[in-house]
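Here is a short briefing for a first look. Take the sequence and the structure together.

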Amino acid sequence: MANNSSEIIIPSSLLPEDGRFGCGPSKVRPEAVDALAKVGKAYLGTSHRQATVKDMVGRLRSGLRDLFNLPEGYEVILGNGGATYFWDIATFALIESKSQHLSFGEFSSKFAAASKAAPFLDEPEIIVSEPGTRPFAKVNPEIDLYALTHNETSTGVSMDIRRPEGAHGIVAVDATSAAGGLRVDPSQFDAYYFAPQKVFASDGGLWVALMSPAALERVARIAESKRWIPASFDLTICIDNSRLNQTYNTPALATIFLFVQQLEWMLDNGGLEFSTSRCDQSAKILYDWAERTEYATPYVKDPADRSHVVGTIDFSDNIDAAQVAKVLRKNGVIDVEPYRKLGRNQLRVAMFPAVEPGDIEALTNCIDFVVSRLAD
Ligand SMILES: *Cc1c(COP(=O)(O)O)cnc(C)c1O
């Protein structure tokens, strides 16, 4: 009954202009790659301690300040290692003694595990909710750092970032797949950290943290304490280097350049309102399609929790989502496989600002076509 899936050819009239829908590394706009090629000889292969690269880091820092409209006293800090590395940095250099973690998927559970394993910290408080939902913070006077996740990339659940009412601890937010794609009010966080291979359409290996005066003060206080901190986890060193538009050790220059390309593209087109509106548009297309399609359902039940940057769509039992993803991949429409550890019959779709909303529409048409052919 089922068609031989390797023979299914999607008509070119249905295909998206760009077939990259992965959650990271995600689609890099071709214009950014062209711009990188143009500065190849003048920028790549040059010292990161000289003006050419330092100016690029300066554009990155001031562009992020503008994009997020950072209040007085907030600083843009960066270093090498990506978001995962920042969890270890935060464990050493941001948590004073006890943290509270909202854990609702693969990524948010990892920072919780890192602080739990640290012998110099108290047992963290970990508030867990079922995958596909989100937990809520509970104010506790013993907590000195609340760890939130703006968008749980493994499940497609996002949450509004708000300081837990009455909390005296600082608020650290993993915004790796959210920063620049979801709206945020900087007065609600103290450290908003992310890596650039998602919304910022660059490559991995770098982290950025937008830090409030309270977070900067916390770092200084811990540095003065007796805690031993390895140099590459020492945030005071990161802060000192960032203020000079440098990093402690050598960064990937192409990553920084592509990051600035995407950031300035967002700013030139209207900033955070422009980039988040594109995600809203894409999300409306995807979820409306799933709601009206018999074999598809948004995985996240509460519409308020449905992410506008990462969409997860469950398929009915008679349709094998993995097979659909395989046929799509053969046709150049790639990386819509679900997060492997979630183990569901679903597709996951990145709707970052670089992705054209029209291409999300085309993707839904391609899925409909493949499903109809598989049923033939
Ligand atoms: C991708 C992702 C990470 C991991 O980022 P790396 O740069 O690979 O370390 C962490 N948190 C979230 C929410 C993510 O989406």
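Asp-174 has Tyr-193 as its bridge partner in E8. The model is predicted, so local features need pLDDT of at least 70 and side-chain atom pairs count only at pLDDT 80 or more, while totals for chains, interfaces and linings use all residues. Residues are numbered from 1 along each chain as its sequence is written, and side-chain values use heavy atoms, with hydrogens and water left out.

- Strand E7 (residues 170–174) and E8 pair in the parallel sense over 3 bridges. Strands pair if DSSP finds at least two bridges between them.
- Helices (H or I, at least four residues) and strands (E, at least two) are DSSP runs, numbered from the N terminus.
- E8 pairs with strand E9 (residues 206–211) in the antiparallel sense, over 4 bridges. Here Ala-191 stands opposite Met-211 in E9.
- Ala-191 and Tyr-193 point one way from strand E8 (residues 191–194), Tyr-192 and Phe-194 point the other way, and all are buried. Buried means under 20% relative accessible area, exposed over 50%, and partly exposed in between (1.4 Å probe, protein chains only).

- The side chain of Thr-153 has an N or O atom 2.4 Å from a ligand oxygen. For Lys-198, an N or O atom of the side chain is 2.7 Å from an oxygen of the ligand.
- The protein covers 86% of the 390 Å² of accessible area that the ligand has on its own. Accessible areas come from the Shrake-Rupley method with a 1.4 Å probe; for residues, only the protein chains shown count as cover.
- In total, 13 residues surround the ligand, and Thr-84 and Gln-197 are among the closest. The shell takes in residues with a heavy atom within 4 Å.
- Helix H4 (residues 82–93) gives the most to this shell, with 4 residues.

**Salt bridges**

- How many salt bridges does the count come to? The count is 22. A salt bridge is a side-chain nitrogen of Lys or Arg within 4 Å of a carboxyl oxygen of Asp or Glu.
- Arg-221 forms a salt bridge with Glu-96, with the closest N and O atoms 2.8 Å apart. This pair links distant parts of the chain, 125 residues apart: Arg-221 is in helix H6 (residues 213–224), and Glu-96 is in the loop between H4 and strand E2 (99–103).
- Glu-273 forms a salt bridge with Arg-183, at 3.0 Å between the closest N and O atoms. Arg-344 lies in the loop between H10 and E12 and Asp-314 in strand E11 (residues 310–315), so the pair ties together parts 30 residues apart in sequence.
- Salt bridges that share partners join Glu-96, Asp-144, Glu-217, Arg-218 and Arg-221 into one network.

**Backbone features**

- A cis peptide bond joins Gly-24 and Pro-25, with omega about -5°. Pro-25 is in the segment before helix H1 (30–38).
- Asn-69, which is not a glycine, has a positive phi near 50°. Asn-69 is exposed, at 63% relative accessibility.
- Asp-335 is not a glycine either, and its phi is positive, about 65°. Asp-335 is partly exposed, with a relative accessible area of 32%.

Conventions. A polar contact is a pair of N or O atoms within 3.5 Å; within protein, one must be able to donate a hydrogen and the other to accept it, and residues adjacent in sequence count only if both atoms are side-chain atoms.
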